[in-house]
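Have the chain in view while reading, and find each residue as it is named.

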Amino acid sequence: MLTTLTALMPVILVIASGYLIARTGLITGDQWRGVERLAYFVLFPVVLFRTISQADFSSFPTLNMGASLLATIFCMAIVLLPIRTVIERVWGIGPPRFTSIFQGTLRWNAMIALAIADNVTGEAGLAMLAVAMVFMIPVLNVLSILVLSRYASGATPSAARILRDLYTNPFIVSIGAGVVLNVSGLALPSTVDDTLAIFSRAALPIGIICVGAGLDLGSLRRPGPALTMGTFLRPVFMPPLAFAFASLFGVTGPALAVVIIASSVPCASNSYLLARQMGGDAKLMAEIITLQTLVATLSVPLALLLFT
């Protein structure tokens, strides 16, 4: 536990630094949006492209990892959807609030996952996590949009809009480009690779600082059933479920650590944007993201200790 926590402490401290920088006003709101866009559209795609393009896919269980993660996602979705009417009847949690619980349970923060994988498993972990994104990002986006379309009050996007959101996602585009380069057998010119390496070194600290800056402790209302469920369903149930499927598919070693990281990190911050856009409970979504990120400082090390 101490070893794992030691590896994660730099990530936790950088998140805390981002929170402090935002609260002191050193960087203002509009400036943060620019930094976030830089990380999302440039820096992290560079990390994914460079990592995937140089990865040796034969050295880790790509398909087994993907099967474990997808099975975990679909299993949780299959459990959550049928109990929606029960939690509405028992706790008064209406459909829009349920969509925030759904997103908070299934979606994951890739920026935090990349930083943790880099600290815990190194370059090999980054490559494997990038592979995990290939399987998870499209599925999670589609599931979230479908659930919000069904249960929230916003406008339902067309199938063309959903497809456009997927194929214009910078993570998916960069991963796809990296796969093409990897399969082609070509290597990046050394000057280009060195340039991308500089971008890559900037990505993780800037991305994690943005995560900290996005925390809004003042938004946390008195904990109720919706916030409690939205916060704790993911860290409590997703890691053991992922471990069970990983064991079933024979995933071990660093690959298992990556599966646990992907299933235990807090939910993605862009869940809030999707909730706001499609008529979900955006305020509850923001509270879930904030509280889940705080809980992750203990739950992620614990999950790695118990299941790896």
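Leaving out residues up to four places away in sequence, Ala130 touches Leu48, Ile52 and Ile175, where contact means heavy atoms within 4.5 Å. The model is a predicted one, in which local features need pLDDT of at least 70 and side-chain atom pairs count only at pLDDT 80 or more, while totals for chains, interfaces and linings use all residues. Residues are numbered from 1 along each chain as its sequence is written, and side-chain values use heavy atoms, with hydrogens and water left out.

Ala130 belongs to helix H6 (residues 110-151). Helices here are DSSP runs of H or I with at least four residues, numbered from the N terminus. Is Ala130 buried or exposed? Ala130 counts as buried because its relative accessibility is 0%. Buried means under 20% relative accessible area, exposed means over 50%, and partly exposed lies in between, with a 1.4 Å probe and protein chains only. Asn270 is 140 residues from Ala130 along the chain, and the two C-alpha atoms are separated by 18 Å.

The next topic is the aromatic rings. A pair of aromatic rings is described by the distance of the centres and the angle of the planes. Rings of Phe, Tyr and Trp (its six-membered ring) pair if their centres lie within 6.5 Å; planes under 30 degrees apart count as stacked, over 60 as edge-to-face, and the rest as tilted. By this rule there are four aromatic pairs. One of them joins Tyr40 and Phe41, whose rings are 5.0 Å apart from centre to centre with 85° between the planes, an edge-to-face pair. Tyr40 has 23% relative accessibility, so Tyr40 counts as partly exposed. Phe41 is also partly exposed, because its relative accessibility is 43%.

Phe98 and Phe102 form a tilted pair, because their ring centres are 6.2 Å apart and their planes are at 50°. These two residues are four apart in helix H5 (residues 95-106), so about one helical turn separates them. Phe98 is buried, with a relative accessible area of 0%, and Phe102 is buried at 1%. Ring pairs also bring in Tyr151, which makes a cluster of Phe98, Phe102 and Tyr151.

From rings we turn to cores. A nonpolar core is a set of buried Ala, Val, Leu, Ile, Met, Phe, Trp, Tyr and Cys residues joined through side-chain atoms within 4.5 Å. The largest has 84 residues, and those with the most contacts inside it are Leu106, Trp108, Leu129 and Met133. H6 gives the largest share of this core, 23 residues. Apart from this core lies another of seven residues, among them Leu148, Leu166, Leu274 and Met278. Not counting residues up to four places away in sequence, Trp108 has a list of contacts that includes Leu129, Met133, Arg234 and Pro266.

Empty space comes last. Rolling a probe the size of a water molecule over the atoms shows where empty space is left. On a 1 Å grid over the protein atoms alone, a cavity is a set of points where a 1.4 Å probe fits but cannot get out; a pocket is an open set with protein on both sides within 12 Å along at least five of seven lines; lining residues have an atom within 4 Å of a point. Grid points are joined across faces, edges and corners, and a volume is the space filled by probe spheres set on the points.

How many cavities of 30 Å³ or more does a search of the whole structure find? The search finds two. The largest cavity holds about 100 Å³ of space. Its lining includes Leu8, Ile112, Pro266 and Thr297. H13 supplies the largest share of that lining, five residues.

The largest pocket has about 1,500 Å³ of space. It is lined by 42 residues, and Tyr40, Ser269, Asn270, Tyr272 and Leu273 are the closest to its centre. The largest share of this lining, seven residues, comes from H2. The second largest pocket holds about 180 Å³. Among the residues that line the second largest pocket are Val47, Arg50, Asp118 and Arg201. H9 gives the largest share of the lining of the second largest pocket, four residues.
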